[in-house]
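Please walk me through this protein model.

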Amino acid sequence: MSPPVPTGDELVRVLATLSNPHRLRVVAALAGGRNYVSRLARELDISRALLQVHLKKLEAAGLVTSRLELSEDGKAMKFYEVNAFAVHLTPQDIVTAVQTLSNQSNQRDERDEKGAT
């Protein structure tokens, strides 16, 4: 049984999220197991603030999940882990997804095109 075809909006959100090299590095790092923000930032050699921006986008797209935990010394630590996902696209999958695109996605594309000129 093949996985369900994502809606047009879901497809746009996931592909846009994964189109950033920093986010790809975050997903790759988390594929090895869950990690907390400070350690992940050190491993990826980026600031915690920048990492948190990328983690929020990954979480909004449903690609990662976070959980707040307390350390032994009582410090709050936010752990992230990657959610299982697969992206397999065929031209027919895109045809199906495009039929479900909302006006919001179309308006975002128009703004992007105007800003690019």
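Contacts between residues 24 or more positions apart make up 52% of the contacts in the protein chain with a separation of 6 or more. Contact here means heavy atoms within 4.5 Å. The model is predicted, so local features need pLDDT of at least 70 and side-chain atom pairs count only at pLDDT 80 or more, while totals for chains, interfaces and linings use all residues. Residues are numbered from 1 along each chain as its sequence is written, and side-chain values use heavy atoms, with hydrogens and water left out.

The protein chain has six helices and three strands. From the N terminus on, their order is α-α-β-α-α-β-β-α-α. Helices (H or I, at least four residues) and strands (E, at least two) are DSSP runs, numbered from the N terminus. Of the 117 residues of the protein chain, 26% count as buried. Buried means under 20% relative accessible area, exposed means over 50%, and partly exposed lies in between (1.4 Å probe, protein chains only).

Begin with helix α1, residues 8-18. Its buried residues are G8, L11, V14, T17 and L18. The buried residues of α1 pack against α2, α4 and α5 (91-98). Take T17 as an example. T17 has 8% relative accessibility and therefore counts as buried. Leaving aside neighbours within four places in sequence, T17 contacts R23, K57, L58, A61 and L63.

Next comes the packing of helix on helix. Axes are lines fitted to C-alpha atoms, for helices over the stretch in contact, and angles run from 0 to 180 degrees between N-to-C directions. Helix α2 (residues 21-30) packs on helix α4 (residues 48-60) at an angle of about 80°, with the axes 10 Å apart. The two helices are therefore roughly perpendicular to each other. The cut-offs are these: under 35 degrees is roughly parallel, over 145 roughly antiparallel, 65 to 115 roughly perpendicular, and the rest oblique. From α2, the contact uses H22, R23, V26, V27 and L30. From α4, L51, H54, L55, K57 and L58 take part. By class, the residues of this contact are six nonpolar, two polar and two charged. Ala, Val, Leu, Ile, Met, Phe, Trp, Tyr, Cys and Pro count as nonpolar, Asp, Glu, Lys and Arg as charged, and the others, Gly among them, as polar.

How does α3 meet α4? The axes of helix α3 (residues 37-44) and α4 come within 9 Å and cross at roughly 105°. So α3 is roughly perpendicular to α4. On the α3 side, V37, S38, L40, A41 and L44 make the contact. On the α4 side, R48, L51, Q52 and L55 do. The contact of α3 with α4 has six nonpolar, two polar and one charged residues.

Between α3 and α4 runs a loop that holds D45. D45 has a relative accessible area of 70% and is therefore exposed. Its phi is near 60°, a positive value in a residue other than glycine. Most residues other than glycine have a negative phi.

Now the rings. A pair of aromatic rings is described by the distance of the centres and the angle of the planes. Rings of Phe, Tyr and Trp (its six-membered ring) pair if their centres lie within 6.5 Å; planes under 30 degrees apart count as stacked, over 60 as edge-to-face and the rest as tilted. By this rule the count is one aromatic pair. The ring centres of Y36 and F79 are 5.6 Å apart and the planes stand at 65°, so the pair is edge-to-face. Y36 lies in strand β1 (residues 35-36) and F79 in strand β3 (residues 76-82), so the pair ties together parts 43 residues apart in sequence. Both Y36 and F79 are buried.

Not counting residues up to four places away in sequence, F79 touches R34, N35, Y36, T65, S66, R67 and E69. R34 lies over the face of F79, at 4.0 Å from the ring centre. A charge sits over a ring if NZ of Lys or CZ of Arg is within 6 Å of the ring centre and within 35 degrees of the ring normal.

L101 lies in the loop between α5 and α6 (103-116). The C-alpha atoms of L101 and T7 are separated by 7.0 Å, though the residues are 94 apart along the chain.
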